[in-house]
Amino acid sequence: MLRDVISAKYKGGYKIEVTFEDSASGIVDFSKYLLEGGVFEKFKDMEFFKNFKINEELGVLTWEDKIDIAPETLYSEATNSPLPEWMNSQQGSLANMSLQPTS
């Protein structure tokens with residue numbers, strides 16, 4: 001079941017508190033994404049990282065409409081719950097992120 005992000009608040013460092021449409025909430029630590037490199041290199045610029053927004057149409061956190069993290073991943077991390085079964089093959093990697101095409 002997809003649970004959209006409905007609010008997000010920067011909490012310091014690489015932590016963002018996210019709230020979902022089912023009222024569940026928790027803090028996600030994005031510092032591990034720094035180790036992934038690639039598009040996440042942009043997170044090293046703290047001003048870039050803090051400039052996230054919610055894409056209400058997709059129900060995800062996004063940075064410049066170019067980087068977003070799957071809401072299933074955010075929900076799992078924020079609530080300390082397992083990923084959906086269909087994502088198990090991707091578990092242990094950040095492959096369940098999604099990237100928006102750049103214009």
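Let me start at the hairpin of E2 and E3, where four residues lie between the strands and Ser23 takes a positive phi near 75°. What we are looking at is a predicted model, in which local features need pLDDT of at least 70 and side-chain atom pairs count only at pLDDT 80 or more, while totals for chains, interfaces and linings use all residues. Residues are numbered from 1 along each chain as its sequence is written, and side-chain values use heavy atoms, with hydrogens and water left out.

The strand names need a word: helices (H or I, at least four residues) and strands (E, at least two) are DSSP runs, numbered from the N terminus, and two strands pair if DSSP finds at least two bridges between them. On that basis E2, residues 15–20, runs antiparallel to E3 and is joined to it by five bridges, with Thr19 standing opposite Ser25 of E3.

On the E4 side, strand E4 (residues 52–55) pairs with E5 in the antiparallel sense over four bridges, and Phe52 has Trp63 as its bridge partner in E5. The hairpin that E4 and E5 make has four residues between the strands, and here Gly59 takes a positive phi near 70°.

Moving on to E6, residues 67–69, we find antiparallel pairing with E5 over two bridges, and here Trp63 has Ile67 as its bridge partner. Three residues separate E5 and E6 in their hairpin, and Glu64 in the turn has a positive phi of about 50°.

Finally, the chain as a whole: its secondary structure comes to two helices and seven strands, in the order β-β-β-α-β-β-β-α-β along the sequence. Of its 103 residues, 36% count as buried. If we take contact to mean heavy atoms within 4.5 Å, then among contacts between residues at least 6 apart in sequence, 47% join residues at least 24 apart.

Conventions:
Buried < 20%, exposed > 50% of the residue type's maximum accessible area, 1.4 Å probe, protein only.
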